[in-house]
Amino acid sequence: LFVNLLKGQLWYCSLDPTGELMPDLETRADCEQRGGVWMNRESNFDNIGYSMLTLLHMSTGEGWLEMLVHIVDSRGVDLQPRRNAREYMAILVCAFVSLSK
């Protein structure tokens, strides 16, 4: 489920990791045009292996809040994250963490 919903969506620009410093930076192309590097989060859902590792990491209680923020801030494939762009995704993360305890 997480792979289908979040594959390729946790990437960010090295010039603005949180998406708050440069509001005009919207896409991967904008990032690379300005000399930035399009980077992936250490924990991600880009394939089943990374997804299982990320879910294991979240289920231990370590790092789940950080992942929650990254997931809620994500906007889509090749789009720069923005604060609280998809707050409804928090329900899915909280449900997973609650059920994994």
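Helices (H or I, at least four residues) and strands (E, at least two) are DSSP runs, numbered from the N terminus. The model is predicted: local features need pLDDT of at least 70, side-chain atom pairs count only at pLDDT 80 or more, and totals for chains, interfaces and linings use all residues. Residues are numbered from 1 along each chain as its sequence is written, and side-chain values use heavy atoms, with hydrogens and water left out.

**Stop 1: Leu53.** Is Leu53 buried or exposed? Leu53 counts as exposed, because its relative accessibility is 56%. The cut-offs are these: buried is under 20% relative accessible area, exposed is over 50%, and partly exposed is in between (1.4 Å probe, protein chains only). Leu53 and Ala85 are 32 residues apart in sequence, and their C-alpha atoms are 25 Å apart in space.

**Stop 2: the whole chain.** Zoom out. The protein has 5 helices and 2 strands. Along the sequence they follow the pattern α-β-α-β-α-α-α. The C-alpha atoms fill a box of roughly 45 × 25 × 20 Å along the principal axes. A compact globule of 101 residues would have a radius of gyration near 13 Å; the protein has 14 Å, which agrees. That radius is taken over C-alpha atoms, and the globule rule is 2.2 Å times the number of residues to the power 0.38. Of the 101 residues, 38% count as buried.

**Stop 3: helix 4.** Select helix 4 (64–73). Which of its residues are buried? They are Met67, Leu68, His70, Ile71, Val72 and Asp73. Now show what covers them: the cover includes helix 1 (2–6), helix 3 and helix 5.

**Stop 4: Ala90.** Move to Ala90, in helix 5. Leaving aside neighbours within four places in sequence, Ala90 is in contact (heavy atoms within 4.5 Å) with Leu68 and Val72. Ala90 and Val72 are 18 residues apart in sequence, yet 6.3 Å apart from C-alpha to C-alpha.

**Stop 5: the loop.** Next, select the loop between helix 4 and helix 5 (89–100), where Asp78 is found. Asn84 has its place in the loop between helix 4 and helix 5 too. Check the backbone angles here. Most residues other than glycine have a negative phi. Phi of Asp78 is near 60 degrees, a positive value. Phi of Asn84 is near 55 degrees, also positive. Asp78 counts as partly exposed, because its relative accessibility is 31%. Asn84 is partly exposed as well, with a relative accessible area of 40%.

**Stop 6: the largest pocket.** Finish at the largest pocket, with a volume of about 190 Å³. On a 1 Å grid over the protein atoms alone, a pocket is an open set of points where a 1.4 Å probe fits, with protein on both sides within 12 Å along at least five of seven lines; lining residues have an atom within 4 Å of a point. How many residues line the largest pocket? There are 13, and Arg41, Glu42, Ser43, Glu66 and Met67 lie nearest its centre. Helix 3 (48–59) and helix 4 each give two or more residues to the lining. The largest share, 4 residues, comes from helix 3.

Technical notes
Points joined across faces, edges and corners; volume = space filled by probe spheres on them.
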